[in-house]
Amino acid sequence: FAEALAALEKELADFARHLESQAVRSEGLANCLARTQELMLRLKHWQATDDDPENPNIRWADAGQYAITLNLTPLSVAKIFKRQLEGHPRAWIFTSATLAVGSDFTHYRGELGLDEADSGCWGSPFDYEAHALLYSPQHLPDPNDPHYNEAVVEAVWPAIQASGGRAFVLCTSLRAMRRIHELLKERIEFDGIEMPLLLQGEGSKTELLERFRRLGNAVLVASQSFWEGVDVRGEALSLVVIDKLPFAPPDDPVLAARIEHLKKQGRNAFFEYQLPRAVISMKQGAGRLIRDEADRGVLMICDPRLITKPYGKRVWRSLPPMRRTREEDEALAFFDETIRETEEIDA
């Protein structure tokens, strides 16, 4: 890698020398020279940035099909953000439905250096107990099982049929998203059901959401970009399925560096960093279901670790106060009850 970087620097320098002699000939060549010089400076900065020993930068490369991107990420933004706060003395208020793990803000405060900040936690105005059900199906294999996606679709399909579509299936990886979409497509075609199936990437996020709302009985299979910042109110969305607890992939270079740093300090990286981030992500995904006081629906979390692992309890307790069940019949009955109530209101 070091040899490749040195070769790249030499190529850029040679290219820049040729451009310098020709830049006066046209505006396009002058712009090309400016871009080349900017690339040289950015590459030099990426290699030579001085690190704070207590808060080093993480240098990592992202290799794509046609390009490689060099990234420089601070290990922590706490000191940087704290300087911003001190440079603008005033009152600061941070508010969100997903900042806490349970009712504990330790992780969020630590990430931003807000050690002495006051905090408060207030309940939602939504009647989760009456309008929502958290369903954790039984007998699913471990998420590492090679046939886990097939087991998820087997468990999810009855709920999708009972809800009449109107579902988000949120996946923790693009690979799982594509496989689950493929399996659902086979089920819909085999059963001959009129149910639109949408996939993240088939259009822009805005276009897909508009189609989902307009169709009224669609199933959208998506990954991380649909876990937050998505608002679908009313009957168009009545079922949110989450395939796994959203732990960041272990091969993520930034995550790996932060885990290593915590371990060197003798701290527990899983409970102090990975689990809180997974809880916050799970709350964001779960938050897609109930967006209005009249909304009703089922949140289906397929990952058996929610029940079988001790840390699953922290995720469980952090979710909205919905009724809980592990029984498929109870989850399917919830949709029957919702349909009856809707028909009564319409009548």
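Me: Over the ring of which residue does the charged end of Arg 324 sit?
Reply: This is a predicted model, in which local features need pLDDT of at least 70, side-chain atom pairs count only at pLDDT 80 or more, and totals for chains, interfaces and linings use all residues. Residues are numbered from 1 along each chain as its sequence is written, and side-chain values use heavy atoms, with hydrogens and water left out. A charge sits over a ring if NZ of Lys or CZ of Arg is within 6 Å of the ring centre and within 35 degrees of the ring normal. The charged end of Arg 324 lies 4.9 Å from the centre of a ring, that of Trp 316.

Me: How far is the charged end of Lys 205 from the centre of the ring of Phe 226?
Reply: The charged end of Lys 205 sits over the ring of Phe 226. From the centre of that ring, the distance is 5.6 Å.

Me: How many aromatic pairs does a search of the whole structure find?
Reply: Rings of Phe, Tyr and Trp (its six-membered ring) pair if their centres lie within 6.5 Å; planes under 30 degrees apart count as stacked, over 60 as edge-to-face and the rest as tilted. Searching the whole structure gives a number of aromatic pairs, which is twelve.

Me: What kind of pair do the rings of Phe 168 and Phe 212 form?
Reply: The centres of the rings of Phe 168 and Phe 212 are 4.9 Å apart. The planes of these rings meet at 55 degrees, so the pair is tilted.

Me: How many residues apart in the chain are Phe 168 and Phe 212?
Reply: Phe 168 belongs to strand 4 (residues 167-170) and Phe 212 to helix 8 (residues 205-215); helices (H or I, at least four residues) and strands (E, at least two) are DSSP runs, numbered from the N terminus. The pair links distant parts of the chain, with a separation of 44 residues.

Me: What is the relative accessible area of Phe 212?
Reply: Buried means under 20% relative accessible area, exposed over 50%, partly exposed in between (1.4 Å probe, protein chains only). Phe 168 is buried at 1%. Phe 212 is buried too, and its relative accessible area is 0%.

Me: What kind of pair do the rings of Phe 334 and Phe 335 form?
Reply: Phe 334 is buried at 3% relative accessible area, and Phe 335 is buried at 2%. Their ring centres lie 6.3 Å apart and their planes stand at 90 degrees, so the pair is edge-to-face.

Me: Is His 139 buried or exposed?
Reply: His 139 is in the loop between strand 3 (132-135) and helix 6 (148-163). Its phi is near 65 degrees, a positive value in a residue other than glycine. With a relative accessible area of 77%, His 139 is exposed.

Me: Is Arg 166 buried or exposed?
Reply: Arg 166 has a phi near 50 degrees, a positive value in a residue other than glycine. The loop that holds Arg 166 runs between helix 6 and strand 4. At 12% relative accessible area, Arg 166 is buried.
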